Every structure is written in C-alpha cells, then in structure tokens.
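I opened the model to look up its sheet and its salt bridges. My entries follow in the order of the search.

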Amino acid sequence: MKIVGVGCGPGMITAAAAAAIAGAAVIYGSDRAIDLARPYIREGAAVHEITDYKRLRSLPDDAVVLSTGDPMLAGLGYLGGEVIPGISSMQVAFARLGISLVKSAVVTAHGKDHAAAIADAALEVSRGRVVFLIADPAFSVPDLAAALPPEVRIAVCEDLGYPQERIALGTAGAPPVPESGLFVVVAGDL
C-alpha cells in the first residue's frame with residue numbers, strides 16, 4: 001500500500017504524490033483528502049471514502065491511501081508501506097509566519113486529551129521551543145493561553161492553503177480566536 005500526502009490545502013500536492021495518485025486503480029481517503037486529490041485521480045479508479053480507520057491495515061496491497069497534509073505529521077504514515085510525503089500544515093504555517101522549523105516542537109491535540117496537549121505545549125514553550133499544536137474543532141485556545149506566560153506570542157492559522165486562509169496573531173494575555181474548525185496553533189517566540 002502507498003500512503004500519499006495530499007498537502008494541507010488546494011494546489012499543495014507534490015509531483016511525486018500526483019504521479020502516485022494518477023497511477024492508482026484503488027484509492028481510499030477522507031472526503032477532504034479525496035477533494036484535494038481529485039484533479040489527479042484517473043478515470044475509472046475505484047475511490048472509497050474511509051469510514052472505518054481501524055480497517056485500513058486490511059486494504060489491498062495496491063491501494064493508495066490519501067492523507068491530508070504530510071502522512072508523517074499526525075497522519076496515516078503509521079500504516080506502513082511506501083510513504084510519499086506531502087506539504088504539511090506545519091510547513092505552511094511556519095512559512096507564512098517566517099519562522100524557522102529548527103527550534104520547533106510538535107504537539108497534537110487532534111482527537112486527543114486536550115489538557116495533556118496543553119501541558120506538553122506549555123512545557124515546550126518554557127524550554128524555548130516554538131510549539132506547533134495540531135488542534136481539532138473543540139480545542140480551546142483560551143485554555144492554552146491560560147497555561148502560558150501572558151507575553152508569549154500565539155498565532156492561530158486557519159484553513160491553510162484555502163482561499164479563506166486566515167492567520168490571527170495575539171499573545172497569551174490576549175489570544176486570537178479561531179473562526180474555523182480547521183486550524184493549528186503556533187506558540188512561543190514568533
């Protein structure tokens with residue numbers, strides 16, 4: 001099986017990913033991943049929306065599994081097989097903010113314990129890291145802000161790569177508020 005990163009937004013599919021998708025006879029992905037890959041899916045390919053992530057390991061060997069962003073950043077890279085990286089929301093957010101990835105730390109709260117993710121993020125910020133936090137729609141930026149010193153800078157990056165992309169800047173003392181359910185948070189010395 002091939003796990004193919006389709007980027008975090010439209011137009012962010014790499015040439016290697018496009019070639020893998022174009023050559024695939026059987027494709028699996030979320031609605032959003034399929035929409036991002038649609039221009040590269042060949043006519044006649046069997047395209048299936050993933051409805052049960054627990055069954056992904058039982059897919060046919062020739063299947064291409066689409067993963068939004070990069071499969072190795074909280075994506076489907078854990079499935080094994082050949083992984084074709086994609087352009088991640090982390091790469092896009094840091095590029096938009098002009099921040100080097102060298103001193104970054106990744107924390108995920110997507111579908112995970114938000115309190116634990118906030119504690120991890122606060123610890124990494126205290127170590128001088130710039131935290132990239134993968135959020136889900138229920139994640140509370142104010143709760144994260146409350147765990148940080150008030151002068152720490154926070155960016156909420158929403159709908160990266162889409163026409164409605166929005167980056168809101170603030171501090172822990174006056175945090176930005178997400179307006180979309182598709183967002184990530186960057187916190188630290190921005």
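The entries below take the sheet and then the charged pairs.

I worked on a predicted model, in which local features need pLDDT of at least 70, side-chain atom pairs count only at pLDDT 80 or more, and totals for chains, interfaces and linings use all residues. Residues are numbered from 1 along each chain as its sequence is written, and side-chain values use heavy atoms, without hydrogens and water.

Entry 1, the sheet. I found an open sheet of five strands with mixed pairing, ordered β6-β7-β10-β8-β9. Strands are DSSP runs of E of at least two residues, numbered from the N terminus; two of them pair if DSSP finds at least two bridges between them. β6 (104–108) and β9 (166–171) are the edge strands, each pairing on one side only. From one strand to the next, the twist averages 20°.

Entry 2, the β8 and β9 pair. I noted six bridges joining β8 (residues 153–158) to β9 in the antiparallel sense. R166 in β9 is the bridge partner of E158.

I counted five salt bridges, each a side-chain nitrogen of Lys or Arg within 4 Å of a carboxyl oxygen of Asp or Glu. The side chains of R166 and E158 form one at 2.2 Å, N to O. Salt bridges with shared partners link E158, R166 and E179 into one network.

I took buried as under 20% relative accessible area, exposed as over 50% and partly exposed as in between (1.4 Å probe, protein chains only). E158 is buried at 1%, and R166 is partly exposed at 24%. In the salt bridge of E124 and R127 (3.2 Å, N to O), E124 is buried at 18% and R127 is exposed at 55%.

Conventions:
Helix = DSSP H or I, 4+ residues; strand = E, 2+ residues; numbered from the N terminus. Axes fitted to C-alpha atoms, helices over the stretch in contact; angles between N-to-C directions.
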